[in-house]
Amino acid sequence: MTSQQKAPHTKRCRRFLTWFAGVTVAFSLFVFLTRGFWITTLRSYFIGRTYIAGQEFGRELPTVDEVEILALGGEVADGTPDSFPPDIGSRLGTVNRRTLHGVEAEQIASIWRDIDFDHHFAGLCHQPFYALRFRHHGKLILETSVCWKCSTYTLPVGVFGLFGPTQNGFDSKSETGQKLLSTLSQYAPHPPTPK
C-alpha cells in the first residue's frame, strides 16, 4: 500500500476522532450545566422506586408459604458462615434461625402486611434485630433486615444489580410493629445477654 492510499484513511480517522471528541466535550458540558436537574431527577426516581417497593413488599406482599427468621447478632467478618448482609460492606452473625411453613408462615406475612410502611418513620442507625426471607414455592420474594431501634427495614430496589438494598421506614412502635417483634421473638429468640 502506498502512502497516497493511506492518506485518505488517516484523514477519515482524524476527522472521526475530532468529531467524537467534540461531541464528548459538548455532552459533558451539557451534563455539567444541567447537573441540578439530573441529580433531582435521579433522586426522585430512587424515592419513587423506594415508595413503590414499599407498597409491593409491604401491604401487597404476595402469597408466601415459607418464612425464614434469622435472629441477628454482632458484626462478623466477610465470609463468615451463617451470617447476613444487612447493608453493603457489613455482615451480622446469626444467633438463631427458624423456618416456618404453611399457616405459621402466613401468620408472619399477615402481620407484615398490616404494618404501616413509610419513609417518615425511618431513623438512621439500622442495627437490625431480625432478618426475614419470605418465599413462595421455594422462590425468594423478599429478603429484608428489620431494625426496631430506628424503625427501618431494607428493600431490594437496586437497578440492574448496580445498587444494593435501600432502607424504608415502618411504624415499629405501633401495636402491629410490636406484635411482629414479639412473634419473631417467640419463634427465634435471641440468647439472653450476659450480665
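The following legends describe close-up views of a predicted model.

**Figure 1. Overall arrangement of the secondary-structure elements.**
The predicted model contains four helices and seven strands. Read from the N terminus, their order is α-α-β-β-β-α-β-β-β-β-α. Of the 195 residues in the protein, 33% are buried. Among contacts with a separation of 6 or more, 64% involve residues 24 or more positions apart.

**Figure 2. Strand 1 and its two antiparallel partners.**
Strand 1 spans residues 66-75 and is mostly covered, with seven of its ten residues buried. Strand 3 (residues 90-101) pairs with strand 1 in the antiparallel sense, and eight bridges connect the two. Within this pairing, R98 of strand 3 is the bridge partner of I69. Strand 4 (residues 130-136) also runs antiparallel to strand 1, to which six bridges join it. Here Y130 of strand 4 stands opposite A71.

The whole structure holds seven salt bridges. One of them is formed by the side chains of R135 and E66, with an N to O distance of 2.9 Å. This pair links distant parts of the chain, since R135 belongs to strand 4 and E66 to strand 1, 69 residues apart. R135 and E66 are both buried. A further salt bridge joins R97 to E68, whose closest N and O atoms are 2.3 Å apart. Because R97 lies in strand 3 and E68 in strand 1, this pair ties together parts that are 29 residues apart in sequence. The relative accessible area of R97 is 34%, so this residue is partly exposed. E68, in contrast, has a relative accessible area of 6% and is therefore buried. E68 also forms a salt bridge with R135, the closest N and O atoms being 3.1 Å apart. In this case E68 in strand 1 and R135 in strand 4 are 67 residues apart, and the pair again links distant parts of the chain. Through shared partners, salt bridges join E66, E68, R97, R133, R135 and E143 into one network.

**Figure 3. Helix 4 and the elements that cover it.**
Helix 4 (175-187) has 13 residues and reaches 18 Å from its first C-alpha to its last, close to the 18 Å expected at 1.5 Å a residue. Its buried residues are G177, L180, L181, T183, L184 and Y187. Seen down the axis of helix 4, these residues fall within an arc of 165°, so they line one face of the helix. E175 and Q186 are exposed on the other side of helix 4. The cover over the buried residues of helix 4 includes strand 1, strand 3, helix 3 (102-114) and strand 4.

**Figure 4. Helix 2 and its buried face.**
Helix 2 comprises 22 residues (35-56) and reaches 31 Å from its first C-alpha to its last, close to the 32 Å expected at 1.5 Å a residue. T50, A53 and G54 are buried in helix 2. Viewed down the axis of helix 2, the buried residues fall within an arc of 110°, so they line one face of the helix. The exposed residues F37 and Y51 are carried on the face of helix 2 turned away from the buried side. Strand 6 (152-155) and strand 7 (166-169) are included in what covers the buried residues of helix 2.

**Figure 5. The surroundings of D171.**
D171 is placed in the loop between strand 7 and helix 4. D171 is buried but has no salt bridge, and K173, the nearest side chain of opposite charge, is 6.9 Å away. Apart from neighbours within four places in sequence, D171 is in contact with I115, D116, F121 and G177. Of these, G177 is one of the buried residues of helix 4.

**Figure 6. Loop residues with positive phi.**
H126 is found in the loop between helix 3 and strand 4. Although H126 is not a glycine, its phi is positive, at about 45°. H126 counts as buried because its relative accessibility is 9%. S151 is found in the loop between strand 5 (139-147) and strand 6. S151 likewise is a residue other than glycine with a positive phi, near 60°. With 7% relative accessibility, S151 counts as buried.

How values were computed:
Residues numbered from 1 in each chain as written. Predicted model: local features only at pLDDT ≥ 70, side-chain atom pairs only at ≥ 80, totals over all residues. Heavy atoms only, no water. Expected span 1.5 Å × (residues − 1). Buried < 20%, exposed > 50% of the residue type's maximum accessible area, 1.4 Å probe, protein only. Arc of directions from axis to C-beta. Contact = heavy atoms within 4.5 Å. Lys, Arg positive; Asp, Glu negative; His and termini not counted. Salt bridge = Lys/Arg side-chain N within 4 Å of Asp/Glu carboxyl O. Pairing = 2+ DSSP bridges.
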